[in-house]
Amino acid sequence: MKKEKTSAAEKIALLGLLTALCFGLSYIEFLIPFSALGIPGIKLGLANICVTAALYAIGTKEAAAINLIRIILSWLIFGSFTGLIYSLAGSALSFAGSVALKKSARFSPIGVSAAAGALHNIGQLAAAMILTDASALMYYIPVLIICGLFAGAINGFIVSAILSRVGVNYKGE
Amino acid sequence: MKNKLLKNDFALIAAIFVIALAAAVFGRAIGRAGDTVEVRVKGEVYAILPLDKPAELDIGGLCVLKTENGEAWIESAVCKNQICVKHRSVSRVGEAIVCLPSGVTVKITGEGGADIVI
């Protein structure tokens, strides 16, 4: 995708489209009642498919922008303020991790996304522990790390499938 | 090249998995059995019960707490999502069940407990 020179308008349109897609995925996720499993905070993180794909196919800045706008939109439509803070903490940590791991060029999107999933949950829980002063939440970290890891790996698998179809080479830097 | 990346992916996932398991084991090892359970409603202490004898407590009509054999759990709740009812029973100092919709927290207290903040 980087090969062709794209105009600013094209880029804006593409980013808008991806943000909408990302938001749509957040909404689908909102409809799946994962909290019925009795483990609050467990999610698939579908929107991260879009963010990670953008990270590989377009660039770091653009993916960060999509991510941030998606979080703010979800908060405005169906979130609470504390939810926003948790989301921001989780996403910041997970996005930073994704960028670092991608840059190392040692992992495919599957590894990057799996680690990002785990980091997201760690960031979220850390924010919850600071805000609610419930150190007992610590017992919950291992469960969340493992769930995030597997959800992230599945998303990463989807991302690599998308990238190979779009024709983005992720093998090296 | 691609296979090598996948191998690294696998190693990364396995490493994080092992770290999480180690954290779980560590959390269990340092957790000590509690003596009492502290019930709060919207931050205010509602009741403190000993854990050693069976008891049942109706928390302001919001949920019902049960204790037995050093464990405490929420038997029923009026809220919609029932997360606190599905939560496993708590017994170690610092462990808690939080029922967010009604603002009820149930926390195990006791001596020498680990009150760890990572």
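This is a predicted model: local features need pLDDT of at least 70, side-chain atom pairs count only at pLDDT 80 or more; totals for chains, interfaces and linings use all residues.
Let's start with chain A. What is it built from, helices or strands? Chain A has six helices and zero strands. Read from the N terminus, the order is α-α-α-α-α-α.

How much of chain A is buried? Of its 173 residues, 47% are buried. Now the contacts. Take those in chain A between residues at least 6 apart in sequence: 73% of them join residues at least 24 apart. And the surface? Chain A exposes about 8,600 Å². Carbon and sulfur atoms supply 71% of that area.

Here is one residue to look at, A:Ser94. Find helix H4 of chain A, residues 81-104; A:Ser94 is in that helix. Is A:Ser94 buried or exposed? Buried means under 20% relative accessible area. A:Ser94 has 4% relative accessibility, so A:Ser94 counts as buried. Which residues does A:Ser94 touch? Leave out residues up to four places away in sequence, and the contacts are A:Ala116, A:Leu119 and A:His120.

Now chain B. Quick reminder first. Strands of a sheet pair through backbone hydrogen bonds, either parallel or antiparallel.

One sheet in chain B is open and has four strands. The order is S2-S1-S7-S6, and the pairing is antiparallel. Which strands are at the edges? They are S2 and S6 of chain B, and each pairs on one side only. Neighbouring strands of this sheet are turned by 15° against each other on average, direction ignored.

Let's cross that sheet strand by strand. Strand S2 of chain B covers residues 44-50, and six bridges pair it with S1(B) in the antiparallel sense. S1(B) and S2(B) form a hairpin, with two residues between them. In that turn, B:Lys42 has a positive phi of about 50°.

Next step: S1 to S7. Strand S1 of chain B, residues 36-41, pairs with S7(B) over six bridges, again in the antiparallel sense. Look at B:Thr36. Its bridge partner in S2(B) is B:Pro50. In S7(B), B:Thr36 stands opposite B:Thr109.

Strand S6 of chain B, residues 96-99, is joined to S7(B) by four bridges, and the two run antiparallel. B:Ala96 has B:Lys107 as its bridge partner in S7(B). B:Ile97 stands opposite B:Val106 in S7(B). S6(B) and S7(B) also form a hairpin, with four residues between them. B:Gly103 is in the turn, with a positive phi of about 70°.

Stay on S7 for a moment. This strand covers residues 104-109 of chain B, and its side chains alternate. Which ones are buried? B:Val104, B:Val106 and B:Ile108 are; they point to one face.

Three strands of chain B form an open sheet in the order S3-S4-S5, with antiparallel pairing. The edges are S3, residues 55-59, and S5, residues 71-77; each pairs on one side only. From one strand to the next, the twist averages 25°.

Where do S3 and S4 meet? Strand S4 of chain B covers residues 63-68, and five bridges join it to S3(B). These two run antiparallel. One pair to find on screen: B:Glu56 has B:Lys66 as its bridge partner in S4(B).

Key: Residues are numbered from 1 along each chain as its sequence is written. Chains are lettered from A and ligands numbered from 1 in the order in which they are written. Side-chain values use heavy atoms; hydrogens and water are left out. Buried means under 20% relative accessible area, exposed over 50%, partly exposed in between (1.4 Å probe, protein chains only). Two strands pair if DSSP finds at least two bridges between them. Axes are lines fitted to C-alpha atoms, for helices over the stretch in contact, and angles run from 0 to 180 degrees between N-to-C directions. Contact means heavy atoms within 4.5 Å. Accessible areas come from the Shrake-Rupley method with a 1.4 Å probe; for residues, only the protein chains shown count as cover.
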